[in-house]
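Have a look at the model, then follow the questions.

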Amino acid sequence: EARARALLFPNAPSGLGLLGVALRKQGEPVAAAQALTAALKREPSNGLLWQQLAGSLMSAGQVDEACDAAHAAVLYEPLEVGALEVSARCELERGNAEKALALVAKARERAPHDERLRRAEDKLKAEVATPKLKAKAR
């Protein structure tokens, strides 16, 4: 359906965005990123498209590009849980657990009953605390 919509309305960002999301779900992150990039050329302030692009690029192993897209997702949708989450993943990939924890904590404020986010926050808290314990032991 997403491919058909993109073919019927080739310049519509919504069709390209849906195609990108569908391709990402099918395990085709590179093709997804291409479709999402095309959608963003037509609708550059769409934070949800940036969020999907960040996830696709992360899945494709393009961490720096994913982090740029994650930053844009938060810029356009600063209160969107998904944007905060993908940005946290990016910070974690860059080795910045403290910043990732701050982003997950902000996402938890928006979705306090989300168990997946709670587990991620707990795991990050433990990771952030561990290096400090090791440093004190020396």
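Q: Where is L92 found?
A: L92 sits in helix α6. Keep in mind that this is a predicted model.

Q: Why is L92 called partly exposed rather than buried or exposed?
A: L92 has a relative accessibility of 38%. Buried needs a value under 20% and exposed one over 50%, so L92 with its 38% falls in between and counts as partly exposed.

Q: What does L92 touch once its neighbours within four places in sequence are left aside?
A: L92 is in contact with A97, A100, L124 and E127. Take L124: along the sequence L92 and L124 are 32 residues apart, and their C-alpha atoms are 9.2 Å apart in space.

Q: How do you know that L92 and L124 are in contact, with 9.2 Å between their C-alpha atoms?
A: The 9.2 Å runs from C-alpha to C-alpha, whereas a contact asks for heavy atoms within 4.5 Å. L124 is listed among the contacts of L92, so the pair has heavy atoms within that cut-off.

Q: Which residues line the largest pocket?
A: The lining is E85, A88, R89, L92, A100, V104, R116, A120, K123, L124 and E127. The elements giving two or more residues to this lining are α6 (81–93), α7 (97–110) and α8 (115–137). α8 gives the most, with five residues. The space in the pocket comes to about 200 Å³.

Q: What makes R89 and E85 a salt bridge?
A: Their side chains meet with 3.1 Å from N to O. The cut-off is 4 Å between a side-chain nitrogen of Lys or Arg and a carboxyl oxygen of Asp or Glu, so this Arg and Glu pair at 3.1 Å qualifies. Both residues lie in helix α6, four residues apart, about one turn of the helix.

Q: Which residues are linked in a network of salt bridges?
A: E85, R89, D114 and R116 are linked in one. The whole structure has six salt bridges.

Q: What makes E115 and R118 a salt bridge?
A: The closest N and O atoms of E115 and R118 are 2.8 Å apart, so the pair meets the 4 Å cut-off. E115 and R118 are three residues apart in helix α8, about one helical turn. E115 is partly exposed at 39%, and R118 is partly exposed at 29%.

Q: Why is Q51 called buried?
A: Q51, found in helix α4 (residues 47–59), has a relative accessible area of 15%. Buried is under 20%, so Q51 qualifies. Not counting residues up to four places away in sequence, Q51 touches A73, E80, G82, A83 and V86.

Q: Why is E80 called partly exposed?
A: E80 has a relative accessible area of 28%, which is between 20% and 50%, so E80 is partly exposed. E80 lies in the loop between α5 (63–76) and α6. Leaving aside neighbours within four places, E80 is in contact with L48 and Q51.

Q: How many helices and strands does the protein chain have?
A: The protein chain has eight helices and zero strands. Buried residues make up 40% of its 138 residues.

Note on methods:
Residues are numbered from 1 along each chain as its sequence is written. This is a predicted model: local features need pLDDT of at least 70, side-chain atom pairs count only at pLDDT 80 or more; totals for chains, interfaces and linings use all residues. Side-chain values use heavy atoms; hydrogens and water are left out. Buried means under 20% relative accessible area, exposed over 50%, partly exposed in between (1.4 Å probe, protein chains only). On a 1 Å grid over the protein atoms alone, a cavity is a set of points where a 1.4 Å probe fits but cannot get out, and a pocket is an open set with protein on both sides within 12 Å along at least five of seven lines; lining residues have an atom within 4 Å of a point. Grid points are joined across faces, edges and corners, and a volume is the space filled by probe spheres set on the points.
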